[in-house]
Amino acid sequence: MKIAIAGTGYVGLVTGVVLAHLGHEIICMDIDADKIEKLKKGICPIFEPGLPELMAENASRLTFTTDYSAAYSDADAIFIAVGTPEKMDGSANLSYVFAVAGQIAESAKRDCIVVVKSTVPIGTNDKVEQYIKKHLKHDVNIEVVSNPEFLSQGTAVRDMLHGSRIVVGAESEEARKAMAEIYKGMNQPIVFTNRRSAEMIKYASNDFLALKISFINEIANLCEVLGADVEDVARGMGMDPRIGDKFLKAGIGYGGSCFPKDTKALHWLGNYHDHELKTIKAAIEVNENQKLRLIKKARKYYDTFEGLAIAVLGLTFKPGTDDLREAPSLTIVPILLDDGAIVKAYDPCGMERFKQKVNGSIMYCGTPEEALKDADICFILTEWPQITSLKPEVFLSMKRPIILDGRNCYKLEDMEGHDLVYESIGRRVIQ
Ligand code: NAD
């Protein structure tokens, strides 16, 4: 099939490449001319394991353009995969989605389905369909289908190729058939629902995972007070198949482009309909506080951070991605800098983007060892393998080896017996 994709971000580009891999003719459209230039040269503009290789393998079925009318005029299906960021009030900003809808209405010259992959509030697909139909320039039939995406950054290619399910919210048999044709060759079951249920599946799934993380983080905080070990608690809980062992890792909270905004957007939507979602509200509040956990721990050792050299290991919101959106580092590092600290930062992938976002006394280091040398305290914010593989002795090059680990990277036994202080989340302090 001929498929156009609007947006070549983490979701759009991976979708385009995977659909090309399934044998479809793909045209990817983005308003970001720099991205499209890179893509035309075969350069992958985002860090996503396996993506450059799959892109190169399927190059003959992939084209890239900034010309929306060329992309949308002659497609069997047009996927919308543009951002839906958070507005000031917590609701989802749908302006990018509706901008694409307008461009489709202007350009489509044949019958097609419009597939909304972006995460959008319940009822949006209906509105997008009404909007396109109202503004169509040519006499064509279009139908909007909801097809939310569940990939995780860092494992996006694998997730899309081997995900647990494909969710399709469609209102007609023809649209369901077209979607089945698009995904022919995938081994995952397709869950067919109506459009509103598909939209809700996406929010409910993300918000449930966010809630699970906030839940274990609250338990972790209480473990610290009561002398229990959250890693053991999570292990014991996770063996119960009704609970499951995923997303029970205590830490300094979730970040990224999805959980923070999707919790806030559903909470906003609930309130808008006079139906407050109390569990989601709690997940949001717990997460906001959790980001400050290491700062509170650090205050036990230093009243002020002024003049201190602080090693910060890990900046991205999780390992395996160069994405910094809503990363705890963006909350923590500015607090340290405001207090007068000199930050020595290390991240294998995120330093370039961090430079563009945060100003101040930051020394960017090529290795964790360089960041740790002579530091007064160390904050660990992302569990990159380059960080989790560090031996305890490495921390002894610090002026004062106080390690505050927000991701529980090391076994307590391994940190014992060295001349250091090691505090993590939900576990006893080693000193
Ligand atoms: P992104 O910011 O990485 O990419 C969005 C892209 O859309 C950008 O390249 C931007 O230039 C482009 N764009 C904006 N307006 C455009 C237009 N009119 N025409 C064409 N391109 C345009 O976003 P993302 O992380 O890929 O997320 C996209 C959507 O998918 C969001 O709704 C998000 O919630 C959802 N989602 C994201 C993930 C994830 O892990 N990133 C996972 C599942 C779902």
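**View 1. The surroundings of D323, in a predicted model.** Leaving aside residues up to four places away in sequence, D323 touches Y10, Q153, S257, T316, F317 and R353, where contact means heavy atoms within 4.5 Å. This is a predicted model, in which local features need pLDDT of at least 70 and side-chain atom pairs count only at pLDDT 80 or more, while totals for chains, interfaces and linings use all residues. Residues are numbered from 1 along each chain as its sequence is written, and side-chain values use heavy atoms, with hydrogens and water left out. You will find D323 in the loop between β9 (309-313) and α14 (329-338); helices (H or I, at least four residues) and strands (E, at least two) are DSSP runs, numbered from the N terminus. D323 counts as buried because its relative accessibility is 2% (buried means under 20% relative accessible area, exposed over 50%, partly exposed in between, with a 1.4 Å probe and protein chains only). The side chains of D323 and R325 are joined by a polar contact of 3.0 Å. Such a contact is a pair of N or O atoms within 3.5 Å; within protein, one must be able to donate a hydrogen and the other to accept it, and residues adjacent in sequence count only if both atoms are side-chain atoms.

**View 2. Where domain 1 meets domain 3.** The chain is divided into domain 1 (2-193), domain 2 (202-290) and domain 3 (293-423), with bounds from an automatic or database domain assignment. Nine residues of domain 1 are in contact with eleven of domain 3. Together the two domains bury about 650 Å², 41% of it on carbon and sulfur atoms; this is the accessible area (1.4 Å probe) that two parts lose on being put together, summed over both. On the domain 1 side, Y10, F47 and Q153 lose the most area to domain 3, together 78% of what that side buries. Across this interface, six residue pairs are in polar contact, both residues at pLDDT 80 or more.

**View 3. E326, a positive phi in the loop between β9 and α14.** This loop holds E326, a residue other than glycine whose phi is positive, near 60°. E326 counts as partly exposed, since its relative accessibility is 31%.

**View 4. N408, a positive phi in the loop between β13 and α18.** Look for N408 between β13 (402-405) and α18 (412-415). Although N408 is not a glycine, its phi is positive, at about 45°. With 6% relative accessibility, N408 counts as buried.
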